[in-house]
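Open the model in your viewer and keep the selection tool at hand. Each stop says what to pick and what is there.

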Amino acid sequence: MKTKVRLHRSDVWRTVLTDTSPFEVPIIVSNDGFYKNLSQHKSKSERFQKFIGALVLSDAPYTVPYRYSIVKDIDSIRTLSLIHPLGQVQLAEFYHKYGQVICEYASRSPFSIRKPSKIGTTYFYPSPVSDRNKYRSASVDTLEIDSLVRNPASYFSYAGFDRLYRFFLSDDHIRLEKKYQFQLSLDIAKCFDSIYTHSIAWAVKSKELAKENTKAASFGNRFDRVMQNLNYKETSGICIGPEASRIFAEIILADVDQNVASSLRKRSLRDKEDFECRRYVDNYYVYANSEETLKTVKHELALALRQYNLHLNDSKSEMLRRPFYTSKSLVVDRVKTSIQNLWDSTLETKHVSGKRLEFPRKI
């Protein structure tokens, strides 16, 4: 039998379960209790309400995130931010008010392969993947599995790919490899550290209009203030880690993508004919049949990013000739092979009553 579960859109606090904390936190760090306290605080004792009100429902002008580091690779670390509970509450209220607007602005990019498409749907059907998000996951819900997941991993459903490696394994990437001889990989240098919070208003209006209306009660100005409040009132750089920061960057980069596509049309370069471009967060992948076209796309992208005080990282620029087999592809293949070897060594397959079953091998 099917079970229908509705995730109420009136639930203001659902955001703190999905979008306000970094994925890379210790497993003992959870917002489940925080969510319950926010949801039920009005039914608690007066002393409890006073405590919650002082901690997360106050009018403090800003909060200071907790910084911690994780290993990025063999030579470097990455500093992430765990947002103060009051900041998480402010984000939840902003999501609740502007969720549909976020989807509208973030969906404008002609290049993005990971963008919020709609507020997560509210249905659950029992299936083999229904418990996919029972435990902490580092992925977001994509449209095709959204209706099958019991506990959404993200506030929004995303169009495209929840992880970058899935793009390289996709039919879309295979088609691009057949059609084009070259792939150019580009990366924005220290994207989240370099983003200027005021530039969100530039992306949704224009730089001139935004500067003339800095105190207007608009979506861009409100999002700007929220991101500042989360980060010690800083206007240079945003918190690294939370999904909300990726969405903030996505809206800005969507405008960059539109500007690049417009500039290339003026130079008689046609999208899906002379070139194609894919962007995953702050990583760009450009495909073309001539190196000259790739250089032109890179030039226009650099100019468009400069308008937002962002720059390409030339040290991470990589041009490949077909077949497009990157170092990341090699890592993914080796990991898959290793896991498959472990699987084969510990399980054996039997067919029982026409069904394929797997059993642990005797050790």
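**Stop 1: two helices in contact**

Select Gly-87, Gln-90, Leu-91, Phe-94, Tyr-98, Val-101, Ile-102 and Tyr-105 in α3, then Phe-219, Arg-222, Phe-223, Val-226, Asn-229 and Leu-230 in α9; these two sets meet. Contact means heavy atoms within 4.5 Å. The residues of this contact divide into ten nonpolar, three polar and one charged. Here Ala, Val, Leu, Ile, Met, Phe, Trp, Tyr, Cys and Pro count as nonpolar, Asp, Glu, Lys and Arg as charged, and the others, Gly among them, as polar.

Now show helix α3 (residues 85-106) and helix α9 (residues 219-230) whole: their axes come within 11 Å and cross at roughly 145 degrees. Axes are lines fitted to C-alpha atoms, for helices over the stretch in contact, and angles run from 0 to 180 degrees between N-to-C directions. The crossing of α3 with α9 is left-handed (the near helix is turned anticlockwise from the far one by less than a right angle).

**Before moving on**

This is a predicted model: local features need pLDDT of at least 70, side-chain atom pairs count only at pLDDT 80 or more, and totals for chains, interfaces and linings use all residues. Residues are numbered from 1 along each chain as its sequence is written, and side-chain values use heavy atoms, with hydrogens and water left out.

Helices (H or I, at least four residues) and strands (E, at least two) are DSSP runs, numbered from the N terminus. The protein chain has twelve helices and ten strands.

**Stop 2: Thr-63**

Pick Thr-63, in the loop between α2 (46-56) and β1 (66-73). Is Thr-63 buried or exposed? Thr-63 is buried, with a relative accessible area of 4%. Buried means under 20% relative accessible area, exposed over 50%, partly exposed in between (1.4 Å probe, protein chains only). Leaving aside residues up to four places away in sequence, Thr-63 touches His-84, Leu-86, Gly-87, Asn-229, Leu-230, Asn-231 and Tyr-232.

**Stop 3: the open sheet**

Select β6, β7, β5 and β8. These four strands form an open sheet in the order β6-β7-β5-β8, with antiparallel pairing. Two strands pair if DSSP finds at least two bridges between them. β6 (275-280) and β8 (318-321) stand at the edges with a single partner strand each, so one side of each has no neighbour in the sheet. From one strand to the next, the twist averages 15 degrees.

Colour strand β5 (residues 182-187). Six of the six residues of β5 are buried, so β5 is largely enclosed by the rest of the structure. Phe-182, Leu-184 and Leu-186 lie on one side of β5, with Gln-183, Ser-185 and Asp-187 on the other. β5 pairs with β7 (residues 283-288) over six bridges; Leu-184 has Val-286 as its bridge partner. β5 pairs with β8 over four bridges, where Phe-182 partners Arg-321.

α10 lies across β6 and β7, at about 170 degrees to β6.

**Stop 4: cysteines and the whole chain**

Pick Cys-191 and Cys-277. Cys-191 is buried at 3% relative accessible area, and Cys-277 is buried at 3% too. How many disulfides are there? The count is zero, a disulfide being a pair of cysteine sulfur atoms within 2.5 Å.

Finally, show everything. Buried residues make up 45% of the 363 residues in the protein chain.
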